[in-house]
Amino acid sequence: YIPSKVNAVARFGHTCGNMIDLTIVDNKSKELNMGTDFDEFTKKAHTFNARGKVYANRMLLKRYMERYGFKNYTGEWWHYNFFGAPYKALNAPVR
């Protein structure tokens, strides 16, 4: 879900800390199988469009993110929004 209001990205965007793209890695820093690569914009990447272990991995990520107030954009298993505290966009180098 992304708000349809004008200038929503200025309040709810990656640069504001309100959106995050992530996956889960195991204790050996190996990414869990999520069924598609990050930023694959096909129906295969939709959060609920999976079965078996891939579905279980996506639901694990979803469950933990929602526990802390993030909401999944269901068109991308890796994309989560946090609308609890909108901030202004930050234009600064990240070090």
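The model is predicted. Its open sheet has three strands in the order 1-3-2, with antiparallel pairing. Helix 2 packs on that sheet. The loop between strand 1 and helix 2 holds serine 29 and also aspartate 39. Each has a positive phi: about 65° for serine 29, and near 65° for aspartate 39.

- Strand 2 and strand 3 (residues 79-81) run antiparallel and are joined by two bridges.
- Asparagine 72 has tyrosine 80, in strand 3, as its bridge partner.

**Helix on sheet**

- Helix 2 touches strand 1, strand 2 and strand 3.
- The direction of helix 2 makes about 15° with that of strand 3.

**Positive phi in the loop**

- Most residues other than glycine have a negative phi.
- Serine 29 is not a glycine, yet its phi is positive, about 65°.
- This serine sits between strand 1 (19-21) and helix 2 (52-67).
- Serine 29 has a relative accessible area of 62%; exposed means over 50%, so serine 29 is exposed.
- Aspartate 39 is also a residue other than glycine, and its phi is positive, near 65°.
- Aspartate 39 lies in the loop between strand 1 and helix 2.
- Its relative accessibility is 35%, so aspartate 39 counts as partly exposed.

Technical notes: Residues numbered from 1 in each chain as written. Predicted model: local features only at pLDDT ≥ 70, side-chain atom pairs only at ≥ 80, totals over all residues. Heavy atoms only, no water. Helix = DSSP H or I, 4+ residues; strand = E, 2+ residues; numbered from the N terminus. Buried < 20%, exposed > 50% of the residue type's maximum accessible area, 1.4 Å probe, protein only. Pairing = 2+ DSSP bridges. Contact = heavy atoms within 4.5 Å. Axes fitted to C-alpha atoms, helices over the stretch in contact; angles between N-to-C directions.
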